[in-house]
Amino acid sequence: MIGLTVLGSTGSIGISTLDVIGRHPDRYRVIALTANRDVDGLFNQCKSFLPHYAVMADANSASELEQKIRYEGLNIEVLSGVEGLEYVASLEDVAYVMAAIVGAAGLLPALAAARAGKRILLANKEALVVAGELFMREAAAGGAEILPIDSEHNAVFQCMPANFHKGLEKVGVTQILLTASGGPFRRLPLDQLQGVTPAQACAHPNWEMGRKISVDSATMMNKGLEVIEACWLFHTQSDRVKVVLHPQSVIHSMVAYSDGSVLAQLGNPDMRTPIAHALAWPERIVSGVEPLDLFEVARLDFEEPDFNRFSCLRLAYEAIEQGGTCPAILNAANEVAVASFLAGGIAFTAIPQVIESVLESLPGGQATGLGTLLSADAEARRYAEQMIQNWV
């Protein structure tokens, strides 16, 4: 039995992970489940999977969960805070860690898993966006194994040669092609973007995702963060990573080779496919995803992204090219701006404006260590929040 910790188990990735695990009870054992404030969601998961530990990032929520667990008579230890998350990410009897906490909050527990040498099923892209060099260095030193869960990066991983760590040029890879649906506003006239609502931005045409990542998909910041992530995962520069709009979301990404070949990974848009792939790699297991019917798909379309429409994508490319703490600043400003938009504080079109202003006002420095990165993150958040308050 393989022991697992699921960080962020009540989110969409966590729920899909437990769905796949539940199909293979003879293969996987849930050791720990974690959530932020969703007490009822985590409590119900605890009743179903009976983990040894349940962790709430929020201390008050942890107290509420503990009361429910004691009343139910479950033998589950409840922990709280970052310390609790780091603890269950590095437990000795945990072999695999699903890192699915959204945002920069997932960085520290993912780092704990890296240092402990776990197989990390990496769905938290911010671990690499904020601290790519540090995270990869700690993973190598700890003997950790990183398998990407983002459908795009998982697709690239499946299309890469096994020895890609030697360098893409040495193994004949010329380009990584990350596909993107373009979100719900791919065709919306630019003069109408100002008035879009959070509900409209969260209505992704193909994928079921949380609110924050849905907005990131609508602005294509999500794809920009994936470009940064791909550079670290596959040891390459941003000029080798190209974004391709593909509205059907059937081809999840592609890898181009020097002999003219382009390898693609196809499948229905369901996150259980990359989750099952990473859980069982190098084997294959049942995920619960319906087989792809190419006759029903019928056609596959591709477009070049418009940086005028998707300026967040442009900003992400600029941040990775500048390097240092710039990606951390980009990510922090984006998280603040998206949260404000979802709360009705700013317009949809103000999201990239906030990010660009923060990047221009806070010059990035060298990413000398975790403290420097966390300081850059905190400073960017303060600046973005202050800017939004002044606007409002």
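Are Phe-185 and Phe-348 buried or exposed? In this predicted model, Phe-185 is buried, and Phe-348 is buried as well.

**Overall form**

The chain contains 16 helices and 11 strands. Along the principal axes, the C-alpha atoms occupy a box of roughly 55 × 55 × 45 Å. Buried residues make up 57% of the 392. Of the contacts between residues at least 6 apart in sequence, 69% join residues at least 24 apart.

**Surface and charge**

The accessible surface amounts to about 16,600 Å², and carbon and sulfur atoms contribute 49% of this area. There are 28 positive and 44 negative side chains, with the centres of the two sets 2 Å apart.

**Aromatic pairs**

Seven aromatic pairs are present in the structure.

| Pair | Distance of centres | Angle of planes | Class |
|---|---|---|---|
| Phe-185 and Phe-348 | 5.3 Å | 75° | edge-to-face |
| Phe-341 and Phe-348 | 5.6 Å | 65° | edge-to-face |

Phe-185 belongs to the loop between strand 8 (173-180) and helix 8 (198-201), while Phe-348 belongs to the loop between helix 14 (326-342) and helix 15 (350-361); the pair therefore ties together parts that are 163 residues apart in sequence. Phe-348 has a relative accessibility of 6% and so counts as buried. Phe-341 also counts as buried, because its relative accessibility is 2%. Elsewhere, ring pairs link Phe-157, Phe-164, Phe-234 and Trp-281 into a cluster.

Notes
Residues are numbered from 1 along each chain as its sequence is written. This is a predicted model: local features need pLDDT of at least 70, side-chain atom pairs count only at pLDDT 80 or more; totals for chains, interfaces and linings use all residues. Side-chain values use heavy atoms; hydrogens and water are left out. Helices (H or I, at least four residues) and strands (E, at least two) are DSSP runs, numbered from the N terminus. Buried means under 20% relative accessible area, exposed over 50%, partly exposed in between (1.4 Å probe, protein chains only). Contact means heavy atoms within 4.5 Å. Accessible areas come from the Shrake-Rupley method with a 1.4 Å probe; for residues, only the protein chains shown count as cover. Lys and Arg count as positive and Asp and Glu as negative; His and the chain ends are not counted. The place of a charge is taken as NZ of Lys, CZ of Arg, CG of Asp or CD of Glu. Rings of Phe, Tyr and Trp (its six-membered ring) pair if their centres lie within 6.5 Å; planes under 30 degrees apart count as stacked, over 60 as edge-to-face and the rest as tilted.
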